[in-house]
Amino acid sequence: MKTFLRGIRRYLLSAFLIILLILISNVAIFFYIIYTRAENSGATGAALRQTMETVGQEIASNPVHTLSEEGKKELKDCGFVWGMALDEEGNVVWDWRLPDDLPRQYGLSDVASFSRWYLEDYPVRVWGVKGLLLVCAQSPEEVSMYSVPMSVRQIESLPRLAQLFVAVNLAVILLFVLIFGWKFYASVKPISDGIEKLSRKEPVHLKEKGAVRELAEKINQTSRLLSEQEEKLSRRDQARSDWIAGVSHDIRTPLTLIVGYAERLAEDSSLGRQEQEMAAAIGRQSGLIRQLIENLNLTSKLSYDTFPLHLSECSPAGVLRECVADLYNQGLQPEYSIELTVTEAAEKIRVEADVPLMKRAIHNVIGNSIRHNPEGCQISVRLTCDGQRLHYVFRDSGPGIPDEIVACLEAEEEDEKTTHRDSARRDAVNKPHIMGMRLTKQIVELHGGKVFYYKRKNGNYDCGFVIG
């Protein structure tokens, strides 16, 4: 949403700056045109006045009121189409190209009228010289003359009016920017909300109308596809969970019988020593199968959030000691030894945890060391505390956890997996390591922790996890 609002702000700012730039450019061009027109108009006016003064002097100085060809050419070059000179009684004493329909005698009111720039639709200019009034006309198709009377107060108010003009224009521009920005925001916001809901796997139903209709259709279509896929995955996961639970239940009864018969045969004195050892091996392997089935059932429940946590305050050091004691009480073979180290800080700490699950996680890690070192090994378990988090580290004198097992476990956390890791998963999926370590990882993460693997010099790994 922040990115979306940032985009809206950039859009509004860009639109405002563009319109402001256009406004400033228009005002600059307007004043430039006014200035150049005024400058050109001033130069033309001065040239006209100079020409009329020269021509008037020539006519007035000649007793018969005539004008030389050079003077006529000068009038023509200045754009005049006809001219005349009036004496003090209003009679035309000289004319040049004067139209036939114009009078040859004018009264005082006529002179007062056309001196305001127009005579029979002809824009005219007048110039008085030595008792004569020189009147020269320009073409009405080329020149238009007008006057705008203004008071001194009006002229003084022009800067304020210009400021008001700019302010009003800016206000109008800002209003339109806000209106268009709001419309854009209102049309795009549902799209943004829909995308956010999609990221949370929530159903989306957008109105398919307006400028973003096609985009809304695509989002609705995507939402329907995701909902269908989610439903299919949910049914598949439920079926898988039910199948695992059913298989576990069906195997438990015959497996119990096998374990019971194997124990009885191992204790039957009528059998030979070799047969008893074979029966004991059957019992041990059956117990391993039972543990694998229990792990499979438990990891399935944890994966689909069907196993509730029962948290209680406990001592992590005490739980760890109980696990080690359980292993010895269950008949740990003499070729195995477990060295337990707990720091003083770890002894004092108390946490909220599901004790049976934590024991299961610890048993899985230590049990892997026992199962995968059939000739015996030394196991080291260390519990430390950095003030906030608990650190469990498990090491053994065996070869360690194979690299392909760790690669497989790490690949499960990634959305995209390389071909190497996919291959590692296929190779490792049936190994006994993978189920127990996966279950340990799930239990640790349920308690807000993370599993770590520590690489050895031989390329294999030891295991540990941090909680807190």
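1. Helices here are DSSP runs of H or I with at least four residues, and strands are E runs of at least two, numbered from the N terminus. The model is predicted: local features need pLDDT of at least 70, side-chain atom pairs count only at pLDDT 80 or more, and totals for chains, interfaces and linings use all residues. Residues are numbered from 1 along each chain as its sequence is written, and side-chain values use heavy atoms, without hydrogens and water.

2. Lys441 and Glu445 both sit in helix α12 (residues 432–446), four residues apart, about one turn of the helix. They form a salt bridge, with the closest N and O atoms 3.0 Å apart. The term means a side-chain nitrogen of Lys or Arg within 4 Å of a carboxyl oxygen of Asp or Glu. Buried means under 20% relative accessible area, exposed over 50%, partly exposed in between (1.4 Å probe, protein chains only). Lys441 is buried at 13%; Glu445 is partly exposed at 40%. Elsewhere, bridges with shared partners link Arg395, Asp396, Arg456 and Asp462 into one network.

3. Helix α4 (residues 152–199) holds Asp193 and Lys189, four residues apart. Their side chains meet in a salt bridge at 2.9 Å, N to O. Asp193 is partly exposed at 23%, and so is Lys189 at 26%.

4. In helix α2 (residues 69–77), Lys72 and Glu69 are three residues apart, about one helical turn. Their salt bridge is 3.8 Å, N to O. Glu69 is exposed at 61%, while Lys72 is partly exposed at 25%. The salt-bridge count comes to 13.

5. Ile405 lies in helix α10 (residues 403–411). Ile405 is buried, at 0% relative accessible area.
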